[in-house]
Amino acid sequence: MPNKWTGKGNPYTREEVRHRLQKTLAQKKAIIGAGAGTGISAKFIEKGGADFLIIYNSGRFRMSGHGSTAGLMAYGDANAVAMEIGEFEVLPVVEEIPVFCGVHGSDPRRRMWHFLHQVKNMGFSGVNNFPTHAIVDGSFRDILEETGMGFHKEVEMVRLASEMDLFSCVYVATPEEAVQMAEVGADAIIAHVGTTVGGSIGVVGATVNMDFAIKRTQEIIDAGKKVNENTIFLAHGGPINTPDDVKIILENTTAHGFVGASSLERMAVESSLTELTKKFKSLELEIGLTR
C-alpha cells in the first residue's frame, strides 16, 4: 500500500516488499537490486527500473573514488554513514521502490534492537548485512568469531529485523551461512563471491573465475532452499559484473536475480563521464575566429 503520509512509495512492510518482488518473478523477469551511494545515483537507478536499492556505507567510499573494501575498514562509523546517506540523499529523492539500509550487525557499541527501530523510523523498508564478516576469512575471521564480533551477530540482527517487520536481503559467502540466515527468516539471500572486478578500482587478481561463481552460487541456493524454499536468491560480486555476466549466472543457476553496487553505480559513472568529457574535449575552435 502507499505511504500513508505521502500517498506513494516508502516505507513498505515486509510483506509488501515480498509481494513486489514476487510480482517481478511472476512476469519472468530477473530481480535487480542496486547499491546507491548518492542521491543522484538512486534517482536514476530507480528510473532505470531497479526493484530495490541498498544503502551501503561503502557507497560513500566508492563514489569518492576509493575501493568498496574501504567500507569494511575502520574509516568511519558504518551504521552512521548508511543512515546519513539514506536520510539526506536517497530517501528524499526515491519515488517508489523499496530502500534497504546496510547495517553493520556486529557493531558492539549499539543496542541492535534499538538501532533497528531507528532504521525503520527513518523510512527504510528493509535491511542488508553490510559491512559483512562473511567475506572476511583466515586468522582475522577467526579472531572476529572468537571475540564476539563474528557472523553470528549479523544473523542475530536479521532475526531481530524479521520480528520488526523489516524485509531482509542478506549476504552470505558459504552454504553454511545461507542455512543460518534462512533459519532466522531471511527473505532474500545474496550469494557473495567476492569484490567486483573491473573499472578503475575493481580487483584484478584477487578474485574467482566464473566457474567458481556459478558453483558457489548454486551451492548457496541449494543449502538455503532446504530450510525455506520460498527464499529469494540473488547473485553478487567477483566476475559477475556486466549484464552479460549476470545472464550467464541466470542461465547456469537457479538464482532469481542480481544485486549490483559497483556494477551499476561506479561503472556507469566511470564510463559515461570519461566518454562525455572526451566528446567535449574533441571540440575545436573555428580557425580565424576573433575574440
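Student: How many bridges join strand 7 to strand 8, and do the two run parallel or antiparallel?
Tutor: Keep in mind throughout that this is a predicted model. Strand 8 covers residues 257–260, it runs parallel to strand 7, and the number of bridges joining them is 2.

Student: Which helix makes a right-handed β-α-β unit together with strand 7 and strand 8?
Tutor: The two strands run parallel. Together with a helix of residues 243–252 they make a right-handed β-α-β unit, and that helix is helix 10.

Student: Which residue of strand 7 is the bridge partner of Ala 188?
Tutor: Strand 7 is also joined to strand 6, residues 188–192, by 5 bridges, and these two strands run parallel. Within this pairing, the partner of Ala 188 is Ile 232.

Student: Are the residues of strand 7 buried or exposed?
Tutor: In a regular strand the side chains alternate between the two faces of the sheet. In strand 7, Ile 232, Leu 234 and His 236 point one way, while Phe 233 and Ala 235 point the other way. Since 5 of the 5 residues are buried, strand 7 is largely enclosed by the rest of the structure, and the word you asked for is buried.

Student: Which residue meets Arg 141 in a salt bridge, and is Arg 141 buried or exposed?
Tutor: Side chains of opposite charge can pair when their charged atoms come close. The N to O distance in this pair is 3.0 Å, and the partner of Arg 141 is Glu 177. The pair links distant parts of the chain, with Arg 141 in helix 6 and Glu 177 in helix 8, 36 residues apart. Because its relative accessibility is 14%, which is under the 20% cut-off, Arg 141 counts as buried.

Student: How far apart are the closest N and O atoms of Lys 247 and Glu 251?
Tutor: Both residues lie in helix 10, 4 residues apart, about one turn of the helix. Lys 247 counts as partly exposed at 48% relative accessibility, whereas Glu 251 counts as exposed at 53%. The two form a salt bridge in which the closest N and O atoms are apart by 2.4 Å.

Student: What is the volume of the largest pocket?
Tutor: Its lining has 36 residues, and Leu 72 and His 133 are among those nearest its centre. By class, the lining has 18 nonpolar, 13 polar and 5 charged residues. The volume of this pocket is about 790 Å³.

Terms used
Residues are numbered from 1 along each chain as its sequence is written. This is a predicted model: local features need pLDDT of at least 70, side-chain atom pairs count only at pLDDT 80 or more; totals for chains, interfaces and linings use all residues. Side-chain values use heavy atoms; hydrogens and water are left out. On a 1 Å grid over the protein atoms alone, a cavity is a set of points where a 1.4 Å probe fits but cannot get out, and a pocket is an open set with protein on both sides within 12 Å along at least five of seven lines; lining residues have an atom within 4 Å of a point. Grid points are joined across faces, edges and corners, and a volume is the space filled by probe spheres set on the points. Ala, Val, Leu, Ile, Met, Phe, Trp, Tyr, Cys and Pro count as nonpolar, Asp, Glu, Lys and Arg as charged, and the others, Gly among them, as polar. Buried means under 20% relative accessible area, exposed over 50%, partly exposed in between (1.4 Å probe, protein chains only). Two strands pair if DSSP finds at least two bridges between them. A crossover is right-handed if, with the strands pointing away from the viewer, the path from the first strand over the helix to the second runs clockwise. A salt bridge is a side-chain nitrogen of Lys or Arg within 4 Å of a carboxyl oxygen of Asp or Glu.
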